[in-house]
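Let's take a look at some charged pairs and a helix contact in a protein. Have the sequence and the 3D view ready.

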Amino acid sequence: MLNRLYAITDRGLIQKSLGEDIEAAIRGGAGIIQLREKNIPDEKYAEYAAEALSVCKKYNVPLIINDNIDVCLRSGADGVHLGQSDASPADARRILGSRAIIGVTAKNLEQAQRAYCDGADYIGSGAVFGTVTKDDAKKMSVDTLKEITAASKLPVYAIGGINIDNAAELAGSGIYGIAVVSGIFKGDIEANAKKLREAVSRL
């Protein structure tokens, strides 16, 4: 079963080191880690993945690679998260195998239904409160999020600007969990994760 608190890294927010910050998030209660890197060579991406994976394995927490199937395969990470402009979940499944965790970004019902048909394991939907960590993310209304969760046969993670002050606003939305970037990795990482873990347990 997937954990309900999903932490997504941002190299711009690193305080100590990638590995130490991930470990702090896990100690606080994050049960899935996504390594998100943009515009770097695959070799460097794979190096970061190896560092992240060593920590995740220590705690038996899955590591998901954002957008890059090759880096996922090379590093031995547990899965990949794909945007709408990336490879299809079906292609990822063929390359990574049946045990891989495959997530897909879905911003409407059609995309959510396609993700299910293509063999995804979960959906990420947002940005529910806007975001400063992704330039192309458009804000999603909670009503749209509810439409997706009501129709989806897959677990849905809300994403986008979620923090300890607004997480409770997602109560009743039907989400499975929350995916968080700066709400975890900005400030006291372990304390943030702990508070968000408690918040998501009440949704």
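Start with Asp 67, which counts as partly exposed at 25% relative accessibility. Here, buried means under 20% relative accessible area, exposed means over 50%, and partly exposed is in between (1.4 Å probe, protein chains only).

Before going on, a word about what you're looking at: this is a predicted model, where local features need pLDDT of at least 70, side-chain atom pairs count only at pLDDT 80 or more, and totals for chains, interfaces and linings use all residues. Residues are numbered from 1 along each chain as its sequence is written, and side-chain values use heavy atoms, with hydrogens and water left out.

## Salt bridges across the chain

Side chains of opposite charge can pair when their charged atoms come close. The term salt bridge is used for a side-chain nitrogen of Lys or Arg within 4 Å of a carboxyl oxygen of Asp or Glu. A search of the whole structure turns up eight of them.

What does Asp 67 pair with? Its side chain meets that of Lys 38 in a salt bridge, 2.4 Å from N to O. This pair links distant parts of the chain, 29 residues apart: Lys 38 is in the loop between strand 2 and helix 2, and Asp 67 is in the loop between strand 3 (63–66) and helix 3 (69–75). Helices (H or I, at least four residues) and strands (E, at least two) are DSSP runs, numbered from the N terminus. Lys 38 is partly exposed, with a relative accessible area of 40%.

Glu 37 forms a salt bridge with Arg 11, at 2.7 Å from N to O. Is Glu 37 buried or exposed? Glu 37 is buried, at 6% relative accessible area, while Arg 11 is partly exposed at 35%.

Glu 47 is partly exposed at 49%, and so is Lys 44 at 35%.

## Two helices side by side

Helix 1 and helix 8 (residues 189–201) pack at an angle of about 35°, with their axes 7 Å apart. Axes are lines fitted to C-alpha atoms, for helices over the stretch in contact, and angles run from 0 to 180 degrees between N-to-C directions.

Which residues make the contact (heavy atoms within 4.5 Å)? Helix 1 brings Asp 21, Ala 24, Ala 25, Arg 27 and Gly 28, and helix 8 brings Ile 189, Glu 190, Ala 193, Lys 194 and Arg 197.

Methods
Contact means heavy atoms within 4.5 Å.
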